[in-house]
Amino acid sequence: MKAPRLAWAITGSGHYIEECLEFMLGLDNVDCYLSQAGEEVLKMYGVNINDIKAKMPVYRDKAASAPPVGLFYKGYYHTFVMAPTTSNTVAKCVLGIADSLATNLYSQAGKCRIESIVYPCDIAPEMETTAPGHKKVMVYPRPVDLEATDKMRTFPYTQVVESVDDLKTAVIRRLVSLS
C-alpha cells in the first residue's frame, strides 16, 4: 500500500474558498472530495473542477452510500480536512447524521480515530467573508450555528480552526508530526 494520504472535503460554503483551494492545491498526496453543494459553489466562484482534477484525484458525491469512506478502514488516509464547511454540514456532523459524502467522511474518520481538521464558515457572531465576484460582505451567523461549531470543538479527534491561517498551521503541523 502507498503511504497514507490526506482526504480533503469541500462542502457548499464559499467562506474563503479560494484561499482554501489555493492551499489544498499546493499540498502533495491529497484526495479531494466534493459534496454536491461544494460543486455548485465552486462554479459560482469560477473554479473549474478539471483544474483540481489535473492536480489530484477528485471524488464526487454521486452514490447514496459514499463508497470511498471505506478507504479510512484500509489505512489509506492519515488526516481528514473539511474546509470550508457549511453550517449545515457542521450541524449534521454534531448530530451524528452521515447522509452525504462529506458527513460520511467525517463520521468514518472519527470511527477510525483519524484526525479531522474542520474550518466552519460560522465561527463568530459577525464576520467578513468573500462572496462570488470577490466582493467582501458581512455575515451574522445564527446562535444555533455558533452552538454547533462550539459543540464540534468538543469532539475527539477533531480540531476546529477559525481562519485560513489557522487551517494552514494545523495542516502543516499535522503533516510534520507524521513525517
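In this report a residue is called buried when its relative accessible area is under 20%, exposed when that area is over 50%, and partly exposed in between, as computed with a 1.4 Å probe on protein chains only. By that rule Lys55 is exposed, with a relative accessible area of 58%. Lys55 sits in the loop between helix H3 (49–53) and strand S3 (58–60), where helices (H or I, at least four residues) and strands (E, at least two) are DSSP runs numbered from the N terminus. Its C-alpha atom is separated by 19 Å from that of Thr11, a residue 44 residues apart from Lys55 along the chain.

The model is predicted, and local features need pLDDT of at least 70, side-chain atom pairs count only at pLDDT 80 or more, and totals for chains, interfaces and linings use all residues. Residues are numbered from 1 along each chain as its sequence is written, and side-chain values use heavy atoms, with hydrogens and water left out.

**Helix H7**

The 15 residues of H7 should span 21 Å at 1.5 Å a residue, which agrees with the 21 Å between its end C-alpha atoms; the expected span is 1.5 Å times one less than the number of residues. Val164, Leu167, Ala170 and Val171 are buried in H7. Seen down the helix axis, the buried residues of H7 fall within an arc of 125°, so they line one face of the helix, the arc being that of the directions from the helix axis to the C-beta atoms. These buried residues pack against S1, helix H1 (17–25), strand S4 (77–85), strand S5 (115–120) and strand S8 (158–160), with contact taken as heavy atoms within 4.5 Å. The face of H7 turned away from the buried side carries the exposed residues Asp165, Arg173, Val176 and Ser177.

**Pockets**

A pocket is an open set of points on a 1 Å grid over the protein atoms alone, where a 1.4 Å probe fits, with protein on both sides within 12 Å along at least five of seven lines, and lining residues have an atom within 4 Å of a point. A volume is the space filled by probe spheres set on the points.

| Pocket | Volume |
|---|---|
| Largest | about 210 Å³ |

Of the 12 residues that line the largest pocket, Pro4, Asp28, Asn29, His78 and Leu175 are the closest to its centre. Strand S1 (5–10) and helix H7 (164–178) each supply at least two residues of that lining.
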